[in-house]
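Please look through the structure shown below, and keep it at hand while reading the paragraphs that come after it.

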Amino acid sequence: MIDHTGIIVSDFERSKKFYRAALAPIGYELLHEVPASVTGSADVAGFGENGKPDFWVTNGEPNKPPLHIAFRVKSRGIVDAFHAAAIAAGGRDNGQPGLRPHYHPNYYGAFVRDLDGHNIEAVCHEA
């Protein structure tokens with residue numbers, strides 16, 4: 001079981017704003033921030049739900065190559081809302097919401113490139 005993951009971004013403040021907007025439809029919010037003076041290296045921001053951050057954004061030199069992070073959601077409508085919110089927040093479309101039957105018959109996902117090119121996905125596995 002994966003407990004948490006994260007990405008490194010080039011513009012911490014812009015990325016926090018992007019992720020606040022992009023992840024709101026899936027129920028995620030900014031839950032915790034730790035400054036570089038505490039971590040000893042970089043500012044970090046934790047996003048999640050129910051009081052538990054599990055997606056961390058760290059200020060620094062962005063991951064090369066960019067990472068792919070997929071968030072599992074409960075409905076196709078949430079996938080659609082994620083995609084619209086992420087695009088409105090400045091993300092670039094990397095795959096419109098829709099079925100991806102080459103993964104499995106009910107795989108419904110949408111993909112957006114964040115401000116540093118990370119491939120961020122929302123996916124629903126329900127019919």
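The text below turns to the salt bridges and then to a sheet with a helix packed on it.

The model is predicted, so that local features need pLDDT of at least 70 and side-chain atom pairs count only at pLDDT 80 or more, while totals for chains, interfaces and linings use all residues. Residues are numbered from 1 along each chain as its sequence is written, and side-chain values use heavy atoms, with hydrogens and water left out.

Side chains of opposite charge can pair when their charged atoms come close. Taking a salt bridge to be a side-chain nitrogen of Lys or Arg within 4 Å of a carboxyl oxygen of Asp or Glu, the count comes to 3 salt bridges. Helices (H or I, at least four residues) and strands (E, at least two) are DSSP runs, numbered from the N terminus.

Lys 52 counts as partly exposed, at 34% relative accessibility, where buried means under 20% relative accessible area, exposed over 50%, and partly exposed in between (1.4 Å probe, protein chains only).

Which residues are linked in a network of salt bridges? They are Glu 13, Lys 16 and Glu 33. Lys 16 and Glu 13 have their closest N and O atoms 3.3 Å apart, and because they are 3 residues apart in helix H1 (residues 12-23), about one helical turn separates them. Lys 16 is buried at 5% relative accessibility, whereas Glu 13 is exposed at 52%. The side chain of Lys 16 also meets that of Glu 33 in a salt bridge, at 2.6 Å from N to O. Glu 33 lies in strand S2 (residues 29-34) and Lys 16 in helix H1, so this pair ties together parts that are 17 residues apart in sequence. Glu 33 is partly exposed, with a relative accessible area of 39%.

Further along is an open sheet of 4 strands in the order S5-S8-S7-S6, with mixed pairing, where two strands pair if DSSP finds at least two bridges between them. Strand S5 (68-72) and strand S6 (92-99) are the edge strands, each pairing on one side only. The twist averages 15° from one strand to the next, with axes being lines fitted to C-alpha atoms, for helices over the stretch in contact, and angles running from 0 to 180 degrees between N-to-C directions. S5 and strand S8 (residues 119-124) run parallel and are joined by 5 bridges; in S8, Ile 120 is the bridge partner of Ile 69. Helix H3 (residues 76-88) packs on the sheet, touching S6, strand S7 (108-113) and S8, and its direction makes about 10° with that of S7; contact here means heavy atoms within 4.5 Å.
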